[in-house]
Structure formats: C-alpha cells, structure tokens
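Subject: Handing over the model, with notes

Dear colleague,

Please find below the sequence and the structure that I would like to hand over to you. My notes on what was found follow it.

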Amino acid sequence: MGSFGRRLVALFIDWMLCQLVTVALLHVPVGATGGQAFVPLAVFAVMSILLLSTVGTTIGMRIMGLRVGALGRPTLSPVQVVIRTVLLCLVIPAVVWDRDGRGLHDRAAGTIVVRR
C-alpha cells in the first residue's frame, strides 16, 4: 500500500495543478467566493475521473510512485472511479480511514492506493 505521506503529497500536487489550471486557463482567482469557489474542486474531480479511468493514476500519484487499483479486479471500473472521486471531493470520507490505512472513499469504491 502507498504510505499516508506519499498519498498526502500526491494530493497536494494534484490540488496545486488544479489551482494552476483554474487561475491560468479559467481566470478564476485564488480565494474566489460564491460559485467560483467550487471551480478548483470541479477541475480536480474531472482530472481525477479522466486520469484514473484511463491510466489508473493522477499526475501527483504518478510523481509519488502510486496508483489506484481495484480489489478483486484487474482494472478500475468507471463506477469505482466516480464513487471514489465524489467521496474524495467530500473530504470527510478521505480523512477517516480503517486500520489498514484505506480511506472510507477507497473502501466504498472497492479500491486501494498502492506503490507502482
């Protein structure tokens, strides 16, 4: 399994990339309020769904040597990717984990973050 530290750094890298896309391409300032405050989260969700569905890893995970795997299956299903991403965006399921170190978002989706 991927360590908590590696997963946290990967998430930080992914979030910074989403902030960069939001500011540079979508012209939403950092610290925006109202509906614009959710644009970075939407970018994060889209990026996660697209990358996890196609290559099984986000940019931050790739840099940190991690990937998301499916338990009992050779590849991730689109449903697993969407469930995992939605719950990750809600934050709370991601910061509550079991004794194995898997977040509730991974348990609900039937996924696990492992070292590549």
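In which helix does R6 lie? R6 lies in helix 1. Please bear in mind throughout that this is a predicted model, and that the values in this email are computed from it.

Leaving aside neighbours within four places in sequence, R6 is in contact with M64, L66 and R115. R6 and G65 are 59 residues apart in sequence, yet from C-alpha to C-alpha they are 8.2 Å apart in space.

Strand 1 (66–70) pairs with strand 2 (residues 111–115) in the antiparallel sense, and the pairing runs over five bridges. Within this pairing, R67 stands opposite V114 of strand 2. Strand 1 is largely enclosed by the rest of the structure, because four of its five residues are buried.

R84 deserves a paragraph of its own. Not counting residues up to four places away in sequence, R84 touches L52, M61, V68, H105, D106, A109, T111 and V113.

H105, which is one of the residues that R84 touches, has its place in helix 6. H105 has a relative accessible area of 6%, and so it too is buried. If its neighbours within four places in sequence are left aside, H105 is in contact with R84, L87, L88, P93 and A94.

H105 also brings us to the pockets. Rolling a probe the size of a water molecule over the atoms shows where empty space is left. The largest pocket has a volume of about 520 Å³, and it is lined by 27 residues, of which R7, L11, L88, A94 and H105 lie nearest its centre. The elements that give two or more residues to this lining are helix 1 (4–24), helix 2 (39–54), helix 4, helix 5 (92–95) and helix 6 (104–109). Helix 1 gives the most to the lining of the largest pocket, with seven residues. Sorted by class, the lining of the largest pocket holds 17 nonpolar, six polar and four charged residues.

The second largest pocket has a volume of about 190 Å³. Its lining is made up of 16 residues, and those nearest its centre are G56, V68, P74, T75 and L76; V68 is also among the residues that R84 touches. Helix 2 and strand 1 each supply at least two residues of this lining, and the largest share, four residues, comes from strand 1. By class, the lining of the second largest pocket has six nonpolar, six polar and four charged residues.

With best wishes

Conventions
Residues numbered from 1 in each chain as written. Predicted model: local features only at pLDDT ≥ 70, side-chain atom pairs only at ≥ 80, totals over all residues. Heavy atoms only, no water. Contact = heavy atoms within 4.5 Å. 1 Å grid on protein atoms, 1.4 Å probe; cavity = no way out; pocket = protein on both sides within 12 Å on 5 of 7 lines; lining within 4 Å. Points joined across faces, edges and corners; volume = space filled by probe spheres on them. Nonpolar A, V, L, I, M, F, W, Y, C, P; charged D, E, K, R; others polar. Buried < 20%, exposed > 50% of the residue type's maximum accessible area, 1.4 Å probe, protein only. Pairing = 2+ DSSP bridges.
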